[in-house]
Amino acid sequence: MKLRLEQIGHSYFGKSVIENLSLALASGEVVALIGPSGCGKTTILQIAAGLVDATSGSITRAYSRHAVVFQEPRLLPWMTTLDNIAYGLRVSGTPRGAARAAAAERALQVGLEVGDFAKYPVELSGGMRQRAAVARALAVRPEVLYFDEPFTAVDVGLKRVLQDLVIEAAARESFSALFVTHDLAEAVRIADRLLVLSTRQGGVIAEHDIAGLPGQRSNREIFELVEEWSSDPAFAELFGHEDRVRA
Ligand SMILES: Nc1ncnc2c1ncn2[C@@H]1O[C@H](COP(=O)(O)OP(=O)(O)OP(=O)(O)O)[C@@H](O)[C@H]1O
Ligand SMILES: [Mg+2]
């Protein structure tokens with residue numbers, strides 16, 4: 001077990017946003033966390049990553065290194081792409097040459113080219129920036145990766161390419177990941193297990209093991225699971241068609 005959240009509660013300025021949330025992340029497991037906007041997904045991820053303190057409950061982390069990929073790339077504008085990717089390693093004390101060599105390897109893995117290394121973030125396309133953000137996260141060889149809707153802003157075709165990068169990296173390096181999304185098809189492609197969050201009841205309202213290995217599911221299998229699960233009442237809030245589901 002890499003991460004365990006037990007009975008987590010959180011309030012902002014006295015207003016409760018999470019109650020009784022429990023979840024666990026096994027070694028090498030990718031768990032998708034899906035739920036409607038405002039239900040507390042980002043808050044949960046930040047609590048898990050130690051960026052926000054929970055108001056109640058307990059957290060057990062059985063790992064030493066993690067990385068976070070946010071919805072926006074969050075690259076430093078005054079650093080080149082390669083130095084941005086090397087940044088996490090530099091901060092943790094890796095010498096410049098070694099950090100840049102590791103960063104170059106990661107950059108190529110996510111589909112950046114040597115000609116992009118010296119570019120500044122402003123010179124990259126949105127998709128390339130997000131590739132760099134993924135490379136920066138992978139560069140520190142994290143045991144746990146936290147993703148907060150990382151591909152929401154990219155177009156559909158590129159989204160699949162970036163999802164595949166994550167699927168390949170997870171298989172190759174067997175990190176554990178908590179992947180927040182509001183896209184059910186993305187969750188079904190990328191994860192081993194799916195947790196559905198509710199705004200109303202608080203906490204996890206449904207859980208599904210996803211058959212097969214990420215990366216080996218056909219488009220048809222993904223489509224059929226999405227169809228099946230999106231007619232589950234647990235997903236009603238997510239898709240905003242409660243009436244249809246109830247009918
Ligand atoms: N720093 C903050 N201060 C006060 N309230 C906050 C803060 N961050 C989030 N909230 C509130 O907490 C609730 C949960 O927010 P959170 O960002 O965790 O939701 P989310 O599920 O990630 O939503 P989205 O899908 O839109 O990203 C929301 O009602 C939000 O307004
Ligand atoms: Mg969010």
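The model is predicted.

Start with the division of the chain. Domain 1 covers 3-64 + 144-246, and domain 2 covers 75-142. Their C-alpha centres lie 26 Å apart.

Next, look at where the domains meet. Here 13 residues of domain 1 are in contact with eleven residues of domain 2. Together the domains bury about 1,000 Å² between them. Of that area, 68% is on carbon and sulfur atoms. On the side of domain 1, Leu145, Leu165 and Glu173 stand out: they supply 37% of the area this domain buries against domain 2, more than any other three residues.

The interface has polar features too. The rule finds one salt bridge across it. Three residue pairs are in polar contact across the interface. Strand 6 (144-148) and helix 5 (156-173) each give at least two residues to the side of domain 1 that touches domain 2. Helix 5 provides the largest share of that side, seven residues. Glu173 and Arg106 join their side chains in a salt bridge, at 2.8 Å from N to O.

Now turn to the nonpolar cores. The largest has 54 residues. Ile85, Leu145, Leu184, Val188, Leu194 and Trp229 touch the most other members. Leu194 shows the packing around one member. Its contacts include Ala32, Ile34, Leu184, Trp229 and Phe235, not counting residues up to four places away in sequence. A second, separate core has 25 residues, among them Leu23, Val52, Leu178 and Leu195.

Conventions:
Residues are numbered from 1 along each chain as its sequence is written. Chains are lettered from A and ligands numbered from 1 in the order in which they are written. This is a predicted model: local features need pLDDT of at least 70, side-chain atom pairs count only at pLDDT 80 or more; totals for chains, interfaces and linings use all residues. Side-chain values use heavy atoms; hydrogens and water are left out. A nonpolar core is a set of buried Ala, Val, Leu, Ile, Met, Phe, Trp, Tyr and Cys residues joined through side-chain atoms within 4.5 Å. Buried means under 20% relative accessible area, exposed over 50%, partly exposed in between (1.4 Å probe, protein chains only). Contact means heavy atoms within 4.5 Å. Domain bounds come from an automatic or database domain assignment. Buried area is the accessible area (1.4 Å probe) that two parts lose on being put together, summed over both. A salt bridge is a side-chain nitrogen of Lys or Arg within 4 Å of a carboxyl oxygen of Asp or Glu. A polar contact is a pair of N or O atoms within 3.5 Å; within protein, one must be able to donate a hydrogen and the other to accept it, and residues adjacent in sequence count only if both atoms are side-chain atoms. Helices (H or I, at least four residues) and strands (E, at least two) are DSSP runs, numbered from the N terminus.
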